[in-house]
Amino acid sequence: SQAFKIFQKYYDPLNNVHSSHGAVFLPNGAQDEFFPITSTRHVFNRISSDKRLEVIYDGDHGYYGNSEGLYDSYNNGVEIFRRINGCLKKSVEYWLHGKGDMPQIPEVSMIETEHPLKLSFAIQADNSDEIGNIRFIYSTDASYTYRREYVKVTGDGTIQIELKPGEREKLVYFVEVEYVAGYYLTSVPQYTEGLAPKIRPAPSP
């Protein structure tokens with residue numbers, strides 16, 4: 001429709017983020033029904049100004065539940081808002097008030113092995129601010145559910161996982177760094193090109 005075309009032209013983030021001149025701290029749920037993890041990466045990569053990212057594991061667009069219990073998701077609101085509030089506070093302190101340092105986002109890369117289902121990953125985390133925890137977060141069902149593995153802060157920055165047949169094509173992964181000061185940063189999510197995220201259906205009204 002014409003109305004949709006107008007909406008897309010003026011409000012679709014992909015059409016506008018490249019012209020942003022201000023700093024951006026982008027938080028988004030890994031299982032957001034309206035802005036799935038593939039769109040998170042597309043939008044973030046098109047931002048040309050100073051930017052940071054926090055992909056929130058087990059974070060959807062809103063806690064969905066209904067009387068039938070068909071599409072209930074557990075309420076991860078405490079962890080979601082802890083991350084949103086921490087990132088907002090850090091953004092204001094650093095970009096508006098010039099306080100402290102803003103670490104770069106972490107990076108994670110897959111290390112090829114002889115076994116296609118035994119995967120290793122190398123992780124780099126900016127320790128210019130004190131790190132509390134590092135989590136390797138991954139999905140084997142196209143971003144429908146996630147698992148979390150802790151990585152030793154003082155270790156060699158590598159982690160290994162073993163997949164089942166058919167899971168590699170649906171693999172999504174990123175690293176989350178939790179800083180002692182109370183904010184979080186994640187790497188850009190990685191997944192197989194052409195991945196179609198598995199989106200939970202919206203409940204009936």
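**From values to terms**

Analyst: In this predicted model, Phe 35 touches Asn 28, Gly 29, Thr 40 and His 61, when residues up to four places away in sequence are not counted. Phe 35 lies in the loop between β1 and α3, and its C-alpha atom is separated by 8.1 Å from that of His 61, which is 26 residues apart from it along the chain.

User: What makes Phe 35 partly exposed?

Analyst: Phe 35 has a relative accessible area of 40%; because buried means under 20% and exposed means over 50%, a value in between is called partly exposed.

User: Why is Glu 54 called buried?

Analyst: The relative accessible area of Glu 54 is 0%, and the term buried applies under 20%, so Glu 54 counts as buried. Glu 54 is placed in strand β2, and its contacts beyond four places in sequence include Phe 25, Arg 83, Cys 87, Glu 176 and Tyr 184.

User: How do you know that Arg 83 forms a salt bridge with Glu 79?

Analyst: The closest N and O atoms of Arg 83 and Glu 79 are 2.6 Å apart, and a salt bridge requires a side-chain nitrogen of Lys or Arg within 4 Å of a carboxyl oxygen of Asp or Glu, so the pair qualifies. The two residues are four apart in helix α4, and are therefore separated by about one helical turn. Arg 83 is buried at 1% relative accessibility, whereas Glu 79 is partly exposed at 22%.

User: How do you know that the reach of helix α4 is close to what is expected?

Analyst: Helix α4 has 20 residues and spans 27 Å from its first C-alpha to its last, which is close to the 28 Å expected at 1.5 Å a residue. Its buried residues include Gly 77, Ile 80 and Arg 83, and among the elements covering the buried residues of α4 are β1, β2 and β5.

Key: Residues are numbered from 1 along each chain as its sequence is written. This is a predicted model: local features need pLDDT of at least 70, side-chain atom pairs count only at pLDDT 80 or more; totals for chains, interfaces and linings use all residues. Side-chain values use heavy atoms; hydrogens and water are left out. The expected span of a helix is 1.5 Å times one less than its number of residues. Buried means under 20% relative accessible area, exposed over 50%, partly exposed in between (1.4 Å probe, protein chains only). Contact means heavy atoms within 4.5 Å.
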